Structures are given as C-alpha cells and as structure tokens.
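Please keep the sequence and the structure in view while I go through the parts in turn.

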Amino acid sequence: MATVTFERVTKRFSQDSPLAVTDFSLEIPDKEFLVLVGPSGSGKSTVLRLLAGLEEITEGKIFIGERLVNNIAAKDRDIAMVFQSYAPYPHMSVYDNLAFGLSLRNVAKEEIRGRVEDAAQILGIKELLKRKPRALSGGQRQRVALGRAIVRDPAVFLLDEPLSNLDAKLRVQTRAEISKLHQRLGTTFMYVTHDQVEAMTMATRIAVLDRGLLQQVGTPQELYERPRNIFVAGFIGSPAMNFFDASVNGSGGGMELETKQFTVPFPDKRKKELAPYIGKTVVLGIRPENIHDREFQPGGLRAGYVKATVDVTEMMGNEAILYLLVDDKQFLARVDPRTRARPGQPLELALDLDAMHAFDGETQLAIGG
Amino acid sequence: MARREPSTAGEAAAGAAPRAARLGEALNRLARRLPLHVSVIGLAAIWSIPTIALLVSSFRDPGLVVTSGWWNAVKDPFEFTFGNYETVLERQGMARSFVNSLIITVPSTMLVILVAAMAAYAFAWMKFPFRNALFLVVVGLLVVPLQMTLIPVLQLYVNLNDWFGFLGNDMPLLGGRLFGTNSYAGIWAAHTAFGLPFAVYLLRNFFGGLPRDLFESAYLDGASDLRVFFRIVLPLSMPAIAALAIFQFLWVWNDLLIALILLGDPDRAPMTLTITNLVSSFGTAYQLLTAAAFISMALPLLVFFALQRYFVQGILAGAVKG
C-alpha cells in the first residue's frame, strides 16, 4: 500500500546519449492503476525500471510512500514486476517459481505453501504447480509471472507490457482479469504499454509519454475529451483523430475555419478562444466518430458539411469505418452501418462542430480545451 | 518457443495401403544418403585404426608383437594375454600413476570451473569499473603460449619451495610439499591458471546469452548476486559447464609438459610422465607401451562416452550467442 512519487526524474544512459527520460514528475496515489503509454522509444519502460531500481536515476527523486528510494536496492523496494517475457525460471517448477521470492526472504515453509496456493487459486493455475515453464502455454506462463508477483504482496505492482506476447483473444480476456486482480489486491499498479486500447480499458489514470517527456496525465475520459496537445490527441483513440491545417477567418459574428479541403463555421462557445488566432493557422482535429454520414446524422447535431470521395469502406457490423478523400487529403469516419457509401462514390458528411478540437500550429498545444 | 506435437494420429490414419509407398520412400531416402553414410563411416574407421591397433597390440604376446603386424592377430596363432597389463600396472607403477593422474586432474578441473564460472558471472552481469578492459585482458591471455610462461613459473615455484621449506617435505594429504615444485597443490594451481582464460571466455559468452529478464526478476525477488549465481545461473548453464569440464579434464589428463617441468618426482608422476619414462627405458617393448597407453586412454574415453551429449551441446551453446 503506497503512494509513488516521481520528482523531476531524469535519466541519461551515457554521457553523450540524449535524455531517455526528461524532468518526469508524477504522483501516483495509493491503489491507483496508472498506465504509462507511449510509442516505442518514448521512455515508458525506462520510467518503470527506474522505479523498480533496475536503472539508476541520473537526476531527481523517487519516493515509495514516504521513503526516498534513489539509493535503495531493487530487492528492498518492496516492488514486484511482471516482465514482457514473463521470465519464469526455466529450471524450476511453477511452485518453486512462485515460492522463490518468499524463500529468499526467509518466510516459513508453511506460510509459503499457503501463499503460493492462494495465488494459484486466484489465477486458476493450481493444477499446474508441478509443471516446468516449458510445458506451459503463453497464457499460463503469463499467469505464473503474475503469481510470482502476487505471492510477494508488494507495495507496488509493476507490469511491463505483460500482454504483448498473447494472442488477440487471450489479450482481451487477460486485460479484464488484470483489472479484476487490481480491484482484489487493492495495490498500486503501474502498467506500461504501447497499446492505447489497453491503457483506456484498464487505467484509473493514464500518463502519456513521448520522447522521454510526459505529455499529459489524466483519466481515460479526460485524455479522450480534452487532449492537451496534438500528440495526445493523435495517440489516444482508435482510429486516430483526423487533423487538418486550417486558417481562422472572419470578423465579428461570423468566424469560420478554412482548410484547403473545406470550410466550416465554428461553434459560438469556441469563438472566444479562437479570436486571437484570426488570420493565423491552426490545426483542426476531429475524431472519426464525430464525422457522420449526412443521411444518418443524429438529430440536433450542429454540423459543418463536407463532400468527399469514399476510398475504402470497412463494414464492422455495428459501425462502418470509411476512408475518405478530399483532394489528396485522407481522413477517416466512423459512421452508421446503414450508410450507402461505396468505394469511388461521393458522399456528404456531417462534422460535429461541438466535438472539434483546435491546436496551435506552432506550439502544438490545444487551444482553450 | 515452438512445441512439437506428437503426430501419432496422422500415422495411425495412414493405414496399410500406403505402406508400400512408404517403404519405397524410405529406400529412396536411404539411397540418396548412402554416399554420405559411406564417407562418414569410412572416415570414422580410418580415424579409429590407430586406436584399434593399440588395443589389439596391447593384448598380444610380446614375441608376436615384434614379429608380425597387429592385423595378424585374427589369424593363427589366435592368442591374447593380460600379461602386458599386469606388468605395466604392477612393476612399472602405472597403477600408482593412474591414481596420481586422478589426484592431479580432478581438483584442477573443479577449481577451473568454480573460479571461471564466478569470474564469468561477474564479467557478464555485474557492474564494476574497468569490466570490459579486464575481460579483454583475460581474453588476451589466450594468446600467450603456455611454453613462454614455464621458466618464470618454475622460478617462482623454486622460490616458493624455499619459503615453504620450513614446513618440511611431507605434508600427508598434499603428497609432499605444501606448494611449489613436486607438490600437488602447485600443479593444481598451474593447471587452473592455464585453463582459466579459455574457461572464463567460454562461460562469459554463455552466461551473457541468458536472458536479462531472468536476472532482473531474481534481483527483484530479493536474490543477491551469489544466490542468482547458484540458484539461477549454474543450473541453467549445466551444458556449457559440462562441456568445459570435459575439455579441461582431457587437457589436464593428457598433459605431459607441465607435469614434466613442475612434478619430477616419480611417486607423484601422472601416467603421461610414466609412459614417457617407459619409452626411454623400454624403447622397443611395444607390448608394454601399448598397454600403458591404453590404460591412460581408458578414462577419457569413458568420460567422453558418458557425457558426449553435453560435449556437442556445449560447444554449440558457447558459440551461438555472445
């Protein structure tokens, strides 16, 4: 049970290499499920390894609870970690794998047995305890890795892309199980992934990293609705948000956003924020789910209309993903499955003006928001 | 890792009808591989001839050995004798030498493995200053010919004789002096030192190929370096260690040079040394030489056949990943 605090943590691997993590500050309250998400090379695993004590901190401080852990060895930080490769000890049975950490801490034999069996019970691997890791499937190995962490009853639970070696179906299933496990254990979880779907589905809060810099921290909903910059806007949500370069035109009451491809008026509530940008370029962002087939647009929508050519259609049953072209600019829409869009045919689309995002073209930061 | 599925279901379904076809296929495959088999067996036979000659000669009567070639042994007079073995074991001291060889070889092998494995672990997984430079020095030592070092080592040992002189010349368990020339401890140290560079090099590369996650996982589980070494690294490295043990065992067992220089005393001489002495005193008594030579080969052959699986595995294991 512990809060984890990063205070201006910086990591440089060698003298002349760029910073792997820059000025990273974050407080993770007790019992939170924090997901660190970012593309590969963004430094998310490094942050996790700094907390675990597997890498040395170049600058800054890390606290677990009240305790400064910069100079505390990995094994004394009361942390358990699940590795991407699961890293089961290949020569030990599942039971010994689970018991290893406890036996090193001089826990009594009887108690070890109890805790291992409890963990095996929780994870449904009781009948596998006598097997060696090589006789297990990927999903079972993954459970062993989780079990090894559970028996330790650590203050913080670290998971480094634990699902990326599982097939798609098992991944979805295990995702839910890890969420359940978090609720059951009531421990602080820190989870690293490059998959924003995992992040959205499991996290209490998400921290988005890019090139070693923390971009935004917030609940999944906050990140989805109010991304702080273009990177977060493009990273969170699937399919990704569409971006258009646009200039802000107009004066007085009639302001509009003009892109190369189309021109839309913009909503009254955003006018104030955008006023300073009149005559300048901004980036307009709109999510595929906020673009509708005009024929099936929801009632009461305040929309701007665009004519586009349908390039590809993906029918999903409950929805349709359209790849659309205006001039040479491609964008995606997620529309009602009843759509009559056919590849090569023109289609009129309704852009939900209230759901539009605008970003400063230079700083890449959200305007207003 | 891919798992092999038993294919019994498929084979059962094949039934009797295609049996002829399968036989044809098998014959075809055999025909295609025949040249390969012939040449492999041929090579093996050629390489084995000297050993077979040695074995056959060692059981022949002294009179026959000098008058006819060993291949005549299958013809008349068809007679063999254990006499040669009795002679060399009892009168020429080969029995004692066999024991000496064991006393020299077993500790020399175990010491190398213990020291090299610990050093290799440190070079592969522990962080300390000048790690890579030190490792380079160790690998560089592989280049130094053993012969170059004999004189300095001998000088050092002679000096050590003086320093340890006050202990006398009959330490019971160590077979003479505590250290220096004509002491078992001295020759153990020499063999260990000469064996270490290669051993460290081989094991470091093997240890380095073990997945990092395993070590980190063990550290987080609370294991110290020593625990990781004994509980994780050693069990997982048995193939490499077994291969190294075989190599080192054979080197020491077959060594003549170091024993000749550092261990002149016939009471402590290994078999190689005793055989050399046989050659000089019974230059023409081939029946004795062959018997003695075969005795000295017997144990390595046994070791090799017992551990050959590791032998092949270990060579590959060391080479694949570095």
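Predicted model: local features only at pLDDT ≥ 70, side-chain atom pairs only at ≥ 80, totals over all residues.

A:G186 is the residue that follows helix 5 of chain A, and its phi is positive, near 60 degrees. Helix 5 of chain A covers residues 168-185. How does its span agree with the number of its residues? At 1.5 Å a residue, the 18 residues of helix 5 of chain A should span 26 Å, and because the end C-alpha atoms are 26 Å apart, the two values agree.

Let me turn to strand 7 of chain A, residues 156-160. Are its residues buried or exposed? Five of the five residues of this strand are buried, so that strand 7 of chain A is mostly covered. Its two faces can be described separately. On one side we find A:V156, A:L158 and A:D160, on the other A:F157 and A:L159, and all of these are buried.

Which strands are joined to strand 7 of chain A by bridges? One of them is strand 6 of chain A, residues 79-82, which runs parallel to strand 7 of chain A and is joined to it by four bridges. Another is strand 8 of chain A, residues 188-193, also parallel to strand 7 of chain A, with five bridges between the two.

I now move to the domains of chain A. The assignment gives domain 1, residues 4-235, and domain 2, residues 242-360. The C-alpha centres of these two domains of chain A lie 39 Å apart. Their contact takes four residues from domain 1 of chain A and five residues from domain 2 of chain A. On the side of domain 1 of chain A that touches domain 2 of chain A, three residues are nonpolar, one is polar and none is charged.

Next comes the contact between the chains. Chain A gives 18 residues to this contact and chain B gives 15 residues. On the side of chain A, strand 6 and helix 2, residues 94-104, each supply at least two residues. By class, that side of chain A has twelve nonpolar, three polar and three charged residues.

Finally, chain B. What does its secondary structure consist of? Chain B has 14 helices and zero strands. Of its 322 residues, 31% count as buried. Among contacts in chain B between residues at least 6 apart in sequence, 72% join residues at least 24 apart.

Chain B is divided into domain 1, residues 20-81, and domain 2, residues 89-320, with C-alpha centres 34 Å apart. Eight residues of domain 1 of chain B are in contact with six residues of domain 2 of chain B. On the domain 1 side, helix 2 (19-58) and helix 3 (62-67) of chain B are the elements that give two or more residues. Helix 2 of chain B provides the largest share, four residues. By class, this side of domain 1 of chain B has five nonpolar, two polar and one charged residues.

Methods. Residues numbered from 1 in each chain as written. Chains lettered and ligands numbered in written order. Buried ≥ 20, exposed ≤ 12 C-beta atoms within 10 Å, placed from the backbone. Pairing = 2+ DSSP bridges. Right-handed = clockwise from strand over helix to strand, strands pointing away. Contact = placed C-beta atoms within 7 Å. Nonpolar A, V, L, I, M, F, W, Y, C, P; charged D, E, K, R; others polar. Expected span 1.5 Å × (residues − 1). Domains from an automatic or database assignment.
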